[in-house]
Amino acid sequence: MMKSSIVRHITSLLLPFVQIFGIYIMLFGHLSPGGGFAGGSILGASLILFRFIYGSEATDAKFKATYMMRLALVSLMMYGLIKGYVFVSAFLGWHSVIGTGTPGTLLSGGFIMPLNVLVGLVVAITFYFIAVLFEEGDFNNANTRQ
Amino acid sequence: MKALLASILTLTFIGFLLLAIVEMPAVGSDSSIMHNVVMDKYIEDAMTDTGAINIVSAIILDYRAFDTFVEASVIFTALICIMIVLKRSGSHDEK
Amino acid sequence: MQTLVNNYMFVGAVIMFGIGFMILLLHNNLIKKIIGMNIMDTSVFLLFVSLGYIKGKEAPIIVGGEISKMGYVNPLPTGLMLTGIVVAVSVTAFMLALTIKLNDMYGTIELDEIQKMRGR
Amino acid sequence: MTQTLTLISHTNTSTNFIELVPLLSIMLLMMSAFVMPLLKKKHHIYGGAIGVLGLTGILQLLNVLHINRSGAYTFDIGHFPAPFGIMLKIGEVESIIGLLFVFVNLMIVWYAYFSLEKEIKENRVSFFHTLNLLLLASLLGIVYTNDIFNGFVFLEVSTLAACGIIVVKDKKTNIKAGIKYLILSSLGSGLVLMGIAFVYSLSGHLSMSYIHEALLENMAGKHNTILISIILFTIGLGIKGAMFPLHIWLPDAHASAPSPSSAILSALVIKAPILFLIKIYYVVFGMAIIGETVILDLVLLFGVLGMIFGSLFARSQTELKRMIAYSSVAQMGYIFFAIGLGNKLGLIMAVYHIIAHALTKSSLFLAAGSFIEQTGFKTIDEFKGIGKEMPVTLGIFTISALSMIGIPVLPGFISKWNLAMAAIEIDKIYLLIILLVSSLLNAGYYFPIIINGYFGEDNLDGKIFRSKSKPVKTLLPLMILTILMVLAGFFSGSIITFIERGIYLG
């Protein structure tokens with residue numbers, strides 16, 4: 001946790017932009033360079049920055065480790081379900097439920113955009129957890145210290 | 001001694017690989033065998049097949065989506081492994 | 001010889017691979033070994049991506065709804081290397097975690113000192 | 001430039017639901033691995049794991065029956081056929097290896113239900129099963145895939161997960177062995193990726209069958225690149241598959257891991273890269289290219305060295321599990337020897353020995369694990385007279401060890417006999433001496449344990465084994481593995497004909 005007030009203020013100014021940039025890269029992965037992994041890394045970096053600047057108690061209050069873990073697992077499962085559905089439906093010759101849309105618009109590309117978002121969530125949470133484990137050895141310090 | 005041995009090994013290795021490099025098609029040439037019908041199909045049909053205009057995205061998430069699914073599980077595997085190694089036992093949520 | 005000059009990207013990648021390999025062999029420090037590993041991985045990515053490059057063509061993103069007259073570079077190696085990078089990141093993270101644990105247990109990250117201890 | 005692509009025609013015209021099995025098994029295992037960390041109670045974890053493994057096992061059995069009836073098939077994943085998308089190709093070899101992997105893993109997890117908590121911390125159990133399921137899924141992926149890059153990604157998952165199940169035990173030696181394994185393995189992955197880059201630069205394809213077609217067309221003037229990429233694949237996959245001079249990670253890793261992990265590592269994890277190597281040799285490059293290079297002779301040489309030196313090292317070990325781990329090196333030597341012979345019978349025997357060794361070595365490791373667990377001892381000398389206390393476990397150990405040595409009817413003998421036949425077939429009679437010497441060496445380190453175990457009463461005085469034999473129900477998975485091993489020897493004829501139908505060599 002950083003005490004320097006300059007760093008804290010700059011971070012509070014900067015964080016929303018970092019996060020919006022990450023989300024933008026995730027959402028527009030099928031239209032511009034980027035995609036789930038790149039966007040997820042940026043989002044994860046913003047979470048790591050938040051934790052290092054504001055300390056583990058504040059972060060654990062905002063992002064509970066168990067919920068984050070569940071979110072990552074649910075994202076992975078959703079990914080598997082969507083992809084499994086696509087693979088099986090391709091084998092059985094079904095038509096796609098959502099079409100490909102108009103190329104060039106945000107809501108196009110079939111399942112590519114949701115998949116990018118899911119990968120991004122998994123990557124962000126994983127990177128956040130890895131950094132926290134490296135730094136503190138556990139990710140529930142706020143709970144154990146009490 | 002060890003340094004000498006390592007240098008010789010590395011130089012031999014680099015030499016071997018350079019033998020292969022000599023036979024490789026020139027960088028940036030249009031007519032090399034890699035830029036074949038598979039690439040043409042990706043470029044021409046990616047937009048109509050998948051609706052994405054970023055062809056790399058179309059490849060990794062639609063044409064070769066299975067790779068990317070496995071890749072997501074690589075990250076997950078690494079997370080679980082790191083948790084095994086570094087997570088302190090007996091923490092709050094493990095009871 | 002002329003081919004080697006023309007294929008300077010491949011030559012660079014191979015030399016970089018050699019540098020990584022050398023670091024891996026010579027250094028006992030685990031962090032340096034991991035760095036060497038990363039250099040090796042990166043060199044392979046460089047080799048692979050430069051395979052897909054075609055002179056004078058554009059990045060494979062279709063702008064404006066129609067395929068460019070200029071043509072695009074080969075998108076497949078780029079896509080493969082995205083997957084490869086993720087794999088390399090995961091392996092690096094796991095190695096670093098093991099190094100941290102090793103440092104906790106032995107108090108050092110020099111492999112030869114660890115081998116000397118033979119501690120159970 | 002204009003280029004035409006002749007699509008390799010596939011035979012499957014009708015939609016058969018059994019052809020979904022390979023994809024479904026991989027997806028099912030991965031999805032259940034994602035659920036596993038959420039489970040807390042022991043019986044939920046094991047119920048889930050055994051349920052999923054059992055279901056997958058049934059699916060694999062149906063798959064083998066389907067293949068037996070109607071032959072090999074291909075499966076395109078997603079909407080796009082092979083050169084554009086990823087294709088799985090399932091023939092006789094792949095299906096039977098898949099069934100073997102799932103079955104052996106199921107038995108090991110069943111055994112782990114009774115013993116795993118004694119070796120690792122309780123809150124690591126769910127992680128162990130997560131990694132185990134991911135590992136099995138990735139191994140099945142390596143076996144089934146017909147796409148080299150896909151195989152590489154699966155190889156990476158299997159490396160990470162295998163390293164994870166080594167370090168799940170929180171000892172110094174485990175962490176050391178884990179990092180050694182990980183560094184060498186990722187060096188191997190780097191080499192494999194470079195090999196893929198070279199192959200891609202030669203052919204422009206990633207699907208194995210298409211690479212083969214393209215290589216045959218464009219191999220003129222590219223002999224160096226082809227040879228170097230074969231060497232890169234051989235070294236890279238040789239590290240992962242414990243080829244002799246590259247095996248240095250194996251004894252530490254297999255000896256220090258908890259017993260169920262050791263069994264999984266030696267029975268499954270080192271086998272999948274070898275199958276991938278066989279596919280690279282015979283599906284990607286083909287006998288026409290491989291036969292012109294020296295690579296098969298090199299593999300034969302390393303196999304021979306592994307057979308001899310693995311056994312010699314095993315003899316000099318004092319710890320039981322370390323000895324069995326070095327015995328794995330020797331047995332992998334047999335498999336490389338079989339590949340290196342370069343004829344059809346040799347290749348069939350490589351696959352058959354994969355099956356035989358997986359069944360045998362898993363039961364050996366589990367039996368050794370239950371000795372160690374019951375007595376708390378580690379070195380071979382301390383196990384004298386253990387037959388008085390644990391006759392059933394020692395009996396299982398004996399049968400498995402006899403198969404390793406090569407007593408007739410048991411699968412170890414079948415593969416040695418047929419390897420001798422294959423060596424005679426290509427007029428390399430001197431290889432028979434090596435086979436004989438290596439069998440004698442095998443006998444040299446397994447027989448003392450067995451004989452001392454049953455009759456070594458001289459130093460039984462004053463030694464108190466902690467308890468009587470384990471309850472029979474905990475030994476049931478071991479017994480099933482042993483019975484299956486014996487059956488694999490009895491019905492070796494039909495297994496070999498089944499493998500022969502799908503072997504890659506014409």
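This is a predicted model: local features need pLDDT of at least 70, side-chain atom pairs count only at pLDDT 80 or more; totals for chains, interfaces and linings use all residues.

Me: Which residues are buried in H1(A)?

Reply: Look for residues with 20 or more other C-beta atoms within 10 Å of their own. In H1(A), A:Gly22, A:Ile25 and A:Met26 are buried. The buried residues of this helix pack against helix H2 (36–62) and helix H4 (112–136) of chain A.

Me: Now chain D. Is H1(D) mostly covered or mostly exposed?

Reply: Count the buried residues again. In H1(D), 12 of the 15 residues are buried, so to speak mostly covered. Among them are D:Val21, D:Pro22, D:Met30 and D:Phe34. As for length, H1(D) runs over residues 21–35 and reaches 21 Å from its first C-alpha to its last, close to the 21 Å expected.

Me: What do the buried residues of H1(D) pack against?

Reply: The partners come from several chains: helix H3 (65–92) of chain A, H4 of chain B, and, within chain D, helix H2 (42–70), strands S1 (73–77) and S2 (86–90), and helix H4 (125–144).

Me: How do I read a strand such as S2(D), and which way do its residues point?

Reply: In a regular strand, side chains alternate between the two faces of the sheet. In S2(D), D:Ile86, D:Leu88 and D:Ile90 point one way, while D:Met87 and D:Lys89 point the other way. Five of the five residues are buried, so S2(D) is largely enclosed by the rest of the structure.

Me: In what sense do S1(D) and S2(D) pair?

Reply: They are antiparallel, with five bridges. D:Tyr73, for instance, stands opposite D:Ile90 in S2(D).

Me: How many residues do chain B and chain C bring to their contact?

Reply: An interface can be read from each side. Here, chain B gives 40 residues and chain C gives 40 residues. On the chain B side, helices H1 (2–23), H2 (37–50), H3 (55–63) and H4 (65–86) each give two or more residues. By class, that side has 30 nonpolar, five polar and five charged residues.

Terms used:
Residues are numbered from 1 along each chain as its sequence is written. Chains are lettered from A and ligands numbered from 1 in the order in which they are written. Two residues are in contact if their C-beta atoms, placed from the backbone, lie within 7 Å. Helices (H or I, at least four residues) and strands (E, at least two) are DSSP runs, numbered from the N terminus. Ala, Val, Leu, Ile, Met, Phe, Trp, Tyr, Cys and Pro count as nonpolar, Asp, Glu, Lys and Arg as charged, and the others, Gly among them, as polar. The expected span of a helix is 1.5 Å times one less than its number of residues. Two strands pair if DSSP finds at least two bridges between them.
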